[in-house]
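Here is a short briefing on one protein structure. Keep the sequence and the 3D view side by side as you read.

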Amino acid sequence: MDAVIDLRSDTLTRPTDAMREAMARAEVGDDVYGEDPTVLALEERVAGMFGHEAALFTPTGSMANVLAVASVVAPGQEVLCESSAHIARAELGAHGAITGLTMRTWTHPRGQVDLAAIEHLYAPDMGPFFVRTAAVSVENTHNFAGGAVLPLDDLRALRSWADTTGTRIHLDGARLWNAHVATGTPLADYGRVADVMAVCLSKGLGAPVGSLMVGSADAVAEARVRRKRMGGGMRQVGVLAAAGLHALDHHVERLADDHAHARLIGEALGLDPAQVDTNIVVVERPDAAAFVASVAEQGVRIAAVGPRAVRLVTHLDVSRADAERAAAVLSSIG
């Protein structure tokens, strides 16, 4: 029987043999004491890639986002974001539950920056009666909008507006590597639009675990304390940081293959391939659960992300042949 093709998420990848070897060779120390050389090398490298002062290694993307947003939004203040943003829909309410901030949203079918809507939502400091807008969060690529890329010009316009109002910008860049490869936009250009960021190593890049918060030295120093308070202080974690360094060396440019495979699958599902920006395909079906079950019977695993929406994600462990077989199965079921 053919092996199951798992398209539920790009978090499902397994470390390559070369990545495992890099992990086994990693030099380690106690990261809580700031003495793990491999972690320090990863943090310095990622901060430099985005033109920021510092970075902090975290076990999860959700933690990196909580730390990043908390560094620019105080308890009782608000962050604005798109209504299907990961920080609003897929982090179990962590931002409000842990840091005491509030959140308001605008809606865009492709998860894009809507500057007019943001300006309408924005609340300045109006005294001890109203919640003040402290930050705007944007997600690039946008997960639930089908891996849509946010154009750099739109992000720069948001940055210009934010500078006039004193509003901070948080960039959820879990899959920013995909946006970089899809558009050719330098990572430092993305870094310049954000005060704080979060980037992930365990999605498209194929590391087994790990994300980083990126920002100023002061913001990262504060986040380091909060990370420990949240139970995120890790010890000889260089074995995991080494996987991230290997991924940065070997798994970034190959994301173009994932994008091509996603376009192939999207076209089989009736989408215009030009609308598949990166490695995520989201399509509507009358009964998402039934569609997922039917596809699973044919050896392809996908995920329901709503009662009438399904998501498919290509990744390091999905070959061209796998993508073609998945496309045949999906088109046969319709």
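A nonpolar patch is made of residues with over 30% relative accessible area and no salt bridge, whose nonpolar side chains are joined within 5 Å. The model is predicted. The points below cover a surface patch, a helix and the cysteines.

**Surface patch**
- Met126, Phe129 and Phe130 form a nonpolar patch on the surface.
- Together, these three residues have about 380 Å² of accessible area.
- Methionine 126 sits in the loop between α6 (115–121) and β5 (133–139).
- Methionine 126 is partly exposed, and its relative accessible area is 42%.

**Helix α11**
- Helix α11 spans residues 238–250, which makes 13 residues.
- From its first C-alpha to its last, α11 reaches 18 Å. That is close to the 18 Å expected at 1.5 Å a residue.
- Buried residues in α11 include Gly238, Ala241, Gly244, Leu245, His246 and Leu248.
- Among the elements that cover the buried residues of α11 are α1 (17–25), α2 (37–49), β2 (54–58) and α8 (176–183).

**Cysteines**
- A disulfide is a covalent bond between the sulfur atoms of two cysteines.
- How many disulfides does a search of the whole structure find? It finds zero.
- For a disulfide, the two sulfur atoms must be within 2.5 Å.
- Cysteine 81 is buried, with a relative accessible area of 0%.
- Cysteine 200 is buried as well, with a relative accessible area of 2%.

Technical notes
Residues numbered from 1 in each chain as written. Predicted model: local features only at pLDDT ≥ 70, side-chain atom pairs only at ≥ 80, totals over all residues. Heavy atoms only, no water. Patch = residues over 30% accessible without salt bridge, like charges linked within 9 Å, V, L, I, M, F, W, Y side chains within 5 Å. Areas by Shrake-Rupley, 256 points an atom, 1.4 Å probe, with all protein chains shown as cover. Salt bridge = Lys/Arg side-chain N within 4 Å of Asp/Glu carboxyl O. Helix = DSSP H or I, 4+ residues; strand = E, 2+ residues; numbered from the N terminus. Buried < 20%, exposed > 50% of the residue type's maximum accessible area, 1.4 Å probe, protein only. Expected span 1.5 Å × (residues − 1). Contact = heavy atoms within 4.5 Å.
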